[in-house]
Amino acid sequence: MRILFIGDVVGEYGRALFAKHINTIMEEHQIDGLVVNGENSSDYGKGTTSRTVQFFKQYGANVITSGNHIWDQKEIYNYISEHDDLLRPANFPAGTPGTGITFFQINEHVVCIINLQGRVFMRENLDCPFRSAQSLLSYARSRTPIIFVDFHAEATSEKEGLGYFLDGKISGLVGTHTHVQTADERILPGGTGYITDLGMAGALNSMLGMTKEPIIERFLTQMPHRFVVDTNPPGILNGVWIEVDTTTGKATDIQRVAVRDETRLIAEKKDR
């Protein structure tokens with residue numbers, strides 16, 4: 001079985017890249033399941049909406065994961081309370097809407113997806129992602145040996161640490177949040193597929209998918225500036241696919257996906 005993971009999709013431009021290339025990627029790599037990080041997929045490039053969730057599902061996504069921007073569009077509160085195809089990090093405080101773990105089926109096989117968020121250089125008042133993962137594993141393994149984690153975190157050390165902590169206990173751990181695809185994809189000694197960061201779907205010559213100038217100005221002046229999704233080509237669409245043995249749940253292969261698109265897909269966005 002092969003599961004494809006797509007990194008943070010940024011705004012309407014990221015969605016346009018996804019829509020243009022995802023079917024080709026799925027067919028070329030004989031993909032069985034699809035997981036997309038959609039926490040930046042609203043038109044504003046922060047948060048997501050029920051409309052964007054349905055957009056990803058229309059193109060075959062089984063699960064949409066998220067991270068620290070999940071609450072940026074208030075419209076999503078009701079949706080995430082009533083559906084389990086959109087995850088928020090499982091180590092958010094008790095009583096938070098939604099869930100951080102879900103299951104879906106591919107033929108006769110059940111697949112588990114867990115979403116977690118890091119604490120280093122991020123919101124440190126979250127529950128420990130290591131202990132949260134550990135507490136969820138017995139429940140997940142009672143249903144399936146095929147378990148994946150999207151770890152939305154800033155620090156490479158925290159991502160690697162969780163990867164080694166869960167090595168041999170899960171099928172794969174993919175990092176998200178930094179929007180820059182890393183070249184360290186591998187199978188860890190215990191049989192867990194790993195990459196520090198999937199990358200993103202967005203403008204290559206941007207800053208995390210946003211136009212550069214307001215962000216650079218903010219660094220220079222420390223004054224607030226409106227961030228705007230960059231729609232200028234070239235665009236990139238990043239991710240990895242992980243192949244697993246459906247009996248053992250161990251990863252047997254992991255390969256990066258990196259598509260570059262030179263065409264202009266949508267009109268340039270102006271400040272709102």
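**Cysteines, annotated site and overall fold**

The sulfur of Cys-112 lies 18 Å from the closest cysteine sulfur, that of Cys-128, which is too far for a bond. Seen from the other end, Cys-128 likewise has its closest cysteine sulfur in Cys-112 at 18 Å, again too far for a bond. In keeping with this, a search of the whole structure gives 0 disulfides, a disulfide being a pair of cysteine sulfur atoms within 2.5 Å. Cys-112 is buried, with a relative accessible area of 0%, and Cys-128 is buried at 18%. Here buried stands for under 20% relative accessible area, exposed for over 50%, and partly exposed for what lies in between (1.4 Å probe, protein chains only).

The structure is predicted, with local features requiring pLDDT of at least 70 and side-chain atom pairs counted only at pLDDT 80 or more, while totals for chains, interfaces and linings use all residues. Residues are numbered from 1 along each chain as its sequence is written, and side-chain values rest on heavy atoms, with hydrogens and water left out.

As for the overall fold, the protein chain contains 6 helices and 13 strands; these are DSSP runs numbered from the N terminus, helices being H or I of at least four residues and strands E of at least two. Its radius of gyration is 17 Å, close to the 19 Å that the globule rule gives for 272 residues, so the chain is as compact as a globular protein of that length. The radius is taken over C-alpha atoms, and the rule is 2.2 Å times the number of residues to the power 0.38. Along its principal axes the C-alpha trace spans about 50 × 40 × 35 Å, and 56% of the 272 residues count as buried. Among contacts (heavy atoms within 4.5 Å) with a separation of 6 or more, 65% are between residues 24 or more positions apart.

Attention now turns to the annotated site. In the unreviewed UniProt entry, the annotation "binding site" covers Glu-39, Asn-68, His-152 and His-177. These four span 139 residues in sequence, yet no two of their C-alpha atoms are more than 10.2 Å apart, so they gather at one spot. Glu-39, Asn-68 and His-177 from this set belong to the lining of the largest pocket. On a 1 Å grid over the protein atoms alone, a pocket is an open set of points where a 1.4 Å probe fits, with protein on both sides within 12 Å along at least five of seven lines, and lining residues have an atom within 4 Å of a point. UniProt positions follow the numbering used here, feature names are shortened, and annotations may be inferred rather than shown by experiment.

Asn-68 sits in the loop between β4 (63-65) and α3 (76-82) and is partly exposed at 22% relative accessibility. Beyond its neighbours within four places in sequence, Asn-68 contacts Glu-39, Gln-117, Met-122, His-152 and His-177. His-177, in the loop between β8 (172-176) and β9 (186-187), is buried at 14%. With neighbours within four places again left aside, the contacts of His-177 include Asp-8, Asn-68, His-152 and Asp-197. The side chains of His-177 and Glu-154 are joined by a polar contact of 2.9 Å; such a contact is a pair of N or O atoms within 3.5 Å, where within protein one must be able to donate a hydrogen and the other to accept it, and residues adjacent in sequence count only if both atoms are side-chain atoms.
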